[in-house]
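Grab a pencil and work through these exercises with the model open beside you. Try each task before you read its solution.

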Amino acid sequence: MSNIFSGTIPALMTPCDAEGNPDFDALVNTAKSLIEAGMDSVVYCGSMGDWPLLTEEQRMTGVKALVDAGIKTIVGTGAQNTRYAAAHAAHAREVGAHGLMVIPRVLSRGASPAAQYNHFTAILEAGGPDLPAVIYNSPYYGFETKADLFFKLNESYPQLIGFKEFGGAAPMSYAAENITTGRDDLTLMVGVDTGAFHGFVNCGAGGAITGVGCALPKEVLKMVELCKRAAEGDSTARRYALELSEAMNVLSTFDEKPDLVLYYKHLMVLEGHSEYKYHINPDDKLSPAQEAYLNQQHALFRNWWSSWEGKDA
């Protein structure tokens, strides 16, 4: 089973028109450009894709469009109803997607380990033994998958080969210490943009799912490259990785906030991608202060990057 969860993987947003109708042609074009920039695959219908705002049919249409275009695609399974989550896993298998991002059950019995075990098993059963899967661990979903549950699932479903950590430095360290280290068949994934250095250098991560990388692919790919080199003991790469992490910190921190899609769609527009001007809910928008702050921080980063010696290191 190939490891689809290694490398750098952007979490695609959903481009749409002024009425909030998804533009799947623009979705595919974005995915192609990111792969051409050096990304390894894409995720669709995670939080960045606004999965709660799309219909089940729209989500499946987007997944199929990406797969039909030859894009390596990891499918988010977020759903309030386990049957819907399993249906997305089954659809991913049927259309030839390349992986599953298994998102916990939300709202209904979300804090129940028993309910989450049943939810996860339904998704993994529907995806089948040949579709690799990664658990998406995030406090924002109201449930944290610990080592005992992960290995209980992995024992029955060996296609569960990854652990994506969105919860920050301490949970990332927990996952490295208790789940992934020493297991060549398991991959720890950085799940939040602010965690790249800690994840790769201190926790042995093998992959990263990025939000800011949708708009800044070259810069994020450089960040991951430097972190991987630093993890092998390269002191120069370590210094440059820390410099880049600090310079990108504000833009990366938007990944931790509830308005992350609004921020990163506007960042896409600033980077020349006007197809990301609109949102699925047409009245969702940044406040004037938020937009001005992002504009300021984007300009600051761009000025810094243009003179930074580390980009060519």
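**Exercise 1.** How many bridges join strand β4 to β5, and do the two run parallel or antiparallel?

*Solution.* Before we start: this is a predicted model, where local features need pLDDT of at least 70, side-chain atom pairs count only at pLDDT 80 or more, and totals for chains, interfaces and linings use all residues. Residues are numbered from 1 along each chain as its sequence is written, and side-chain values use heavy atoms, leaving out hydrogens and water.

Step 1: find β4 at residues 99-102; strands are DSSP runs of E with at least two residues, helices are runs of H or I with at least four, and both are numbered from the N terminus.
Step 2: three bridges link β4 and β5, and they run parallel. Two strands pair if DSSP finds at least two bridges between them.
Step 3: look at Met-101, whose bridge partner in β5 is Val-134.

**Exercise 2.** Which strand is joined to β5 by five bridges?

*Solution.* Step 1: that's β6, residues 160-165, running parallel to β5.
Step 2: check a pair: Ala-133 has Leu-160 as its bridge partner in β6.

**Exercise 3.** Why is β5 largely enclosed by the rest of the structure?

*Solution.* Step 1: β5 covers residues 133-137. Buried means under 20% relative accessible area (1.4 Å probe, protein chains only).
Step 2: Ala-133, Ile-135 and Asn-137 point one way, Val-134 and Tyr-136 the other, and all are buried.
Step 3: five of the five residues are buried, so β5 is largely enclosed.

Technical notes: Buried means under 20% relative accessible area, exposed over 50%, partly exposed in between (1.4 Å probe, protein chains only).
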